[in-house]
Amino acid sequence: MVAAAFLLPSLVLLGALVVQPIGYSVWRSLFDRSGEVFVGGDNYAELLRDGAVRTAVENTAVWVVFAPAVATALGLVFAVLTERVRWGTAFKLLVFMPMAISMLAAGIIFRLVYDHDPDRGVANAVWVGVHDTFAPASAFPRARPGRDSPLVPEEGAAAGGFATREPVRAGTPVLLPLVGVAPDALPEGTRPARPAPAEPGKVTGTAWQDFTRGGGGRPNTVDTAESGFAGMRVEAVRDGRVVESATTRADGTFTLSAKADGALLRLPASNFREAYAGVEWLGPALVTPAVIGAYVWMWAGFAMVLIAAGLAAVPRELLEAARVDGAGEWQVFRRITVPLLAPVLVVVLVTLVINVMKIFDLVFVIAPGSVQDDANVLALQLYRTSFGTDADAGLGSAIAVLLLVLVVPVMLYNIRRMRREARR
């Protein structure tokens with residue numbers, strides 16, 4: 001009776017907060033939207049037909065397979081490596097710190113991290129920076145020949161270069177007029193365009209913005225009120241081979257040697273490459289991996305702390321004996337450390353599996369409304385079905401029961417494992 005008296009408050013709370021809601025959800029799932037008409041298993045049959053629910057189940061499966069595994073693997077790596085450095089405690093503190101942030105706050109942070117605009121989103125700022133280091137964008141992505149221009153689209157150019165209609169001759173200045181570049185988008189240091197002087201034995205010319213701000217000027221004629229195209233690459237092509245090349249000066253002028261005499265001048269497609277906008281992290285294709293990345297950022301520290309505690313209990317004599325016998329660090333890690341940590345790794349993995357099957361906050365906050373259908377998971381589908389102007393409590397209760405059925409086997413396995421550990 002004393003034991004019953006102590007257990008009674010907990011049993012009452014357990015019944016009120018867990019048992020009764022579960023029982024009511026099962027009962028409510030057997031009724032229609034209004035809760036007045038008994039429909040039996042119709043709501044569960046509807047789950048099989050509903051495309052949104054199937055997508056939620058598929059995404060939940062992706063979460064269960066990848067998120068716990070990646071978080072556990074990173075936690076294991078961090079726990080093992082931080083044992084070997086003097087500042088390991090500080091590193092563990094930094095890795096564990098995201099656990100102090102709520103899911104809502106983490107979602108807001110990563111919504112900004114994944115912003116498509118490189119000026120706001122950190123992920124795209126880094127990605128665009130790396131991309132532009134190896135493939136810099138052009139300053140003239142929208143430039144094109146104007147009316148009656150001596151330039152025509154280059155034949156066979158996949159990316160949109162331009163070439164002169166006729167071969168050029170030494171001593172005769174060449175005009176390469178283009179339009180379509182906003183004045184404020186011109187490269188820094190651009191100067192007013194200048195007609196190139198004729199030079200004996202050389203091919204000279206000007207590439208410029210054939211547009212006068214405010215009106216005026218004549219087409220295909222260099223006007224001092226127009227801007228030169230600085231830094232544009234000009235190539236002389238003969239028989240499909242580049243025989244000479246040059247880069248335009250700040251005023252748009254360029255000079256080629258006698259090798260260019262009789263060749264076609266080409267403005268290659270690299271001059272008109274569109275600025276790289278980065279990756280659409282929150283687009284339909286990448287939104288689920290992106291949200292999983294935010295989850296791993298938060299929970300890798302949790303895995304690291306538990307694994308580090310288990311690692312502290314590993315007998316050092318076994319590790320040292322293996323090293324004395326000639327085992328390398330990778331062999332020690334793979335054949336001794338990981339097997340001895342297997343019980344702890346299972347605890348972490350199972351805990352995270354149960355956690356990700358109920359994931360809601362991160363998906364709801366990070367995924368924009370336009371792609372929430374693509375990022376949908378069961379807990380989010382439960383919320384979207386059960387609340388709002390088109391709420392269907394019967395169908396929502398059926399989703400809740402489905403989620404319970406999926407979580408229970410993992411929980412039972414965890415309980416059995418804990419009992420086996422206790423008997424040892």
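1. Five bridges join S3 to S4 (residues 203-209), and the two run parallel. For the terms: two strands pair if DSSP finds at least two bridges between them, while helices (H or I, at least four residues) and strands (E, at least two) are DSSP runs, numbered from the N terminus.

2. A word on what you're looking at: this is a predicted model, where local features need pLDDT of at least 70, side-chain atom pairs count only at pLDDT 80 or more, and totals for chains, interfaces and linings use all residues. Residues are numbered from 1 along each chain as its sequence is written, and side-chain values use heavy atoms, leaving out hydrogens and water.

3. Back to that sheet: it is open, has three strands in the order S3-S4-S7, and its pairing is mixed. S3 (174-178) and S7 (253-256) are at the edges with a single partner strand each, so one side of each has no neighbour in the sheet. Neighbouring strands here are turned by 20° against each other on average, direction ignored; axes are lines fitted to C-alpha atoms, for helices over the stretch in contact, and angles run from 0 to 180 degrees between N-to-C directions.

4. There is also an open sheet of five strands, ordered S1-S2-S8-S5-S6, with antiparallel pairing. Its edges are S1 (151-153) and S6 (241-247); each has a single partner strand, so one side of each is left without a neighbour in the sheet. On average, neighbouring strands of this sheet are turned by 30° against each other, direction ignored. Six bridges join S5 (residues 233-238) to S6, and Arg233 stands opposite Thr247 in S6.

5. Arg233 turns up again beside Asn271, which also touches Ser138, Phe140 and Met232, not counting residues up to four places away in sequence (contact means heavy atoms within 4.5 Å). Asn271 lies in the loop between strand S8 (264-267) and helix H7. Is Asn271 buried or exposed? Its relative accessibility is 6%, so Asn271 counts as buried (under 20% relative accessible area; exposed is over 50%, partly exposed in between, with a 1.4 Å probe and protein chains only).

6. Now the helices: H4 (residues 88-96) and H7 (residues 287-312) pack at about 140°, with their axes 7 Å apart. H4 and H7 are therefore oblique to each other (under 35 degrees is roughly parallel, over 145 roughly antiparallel, 65 to 115 roughly perpendicular, the rest oblique). Residues making the contact include Lys92 and Phe96 of H4 and Met304 of H7.
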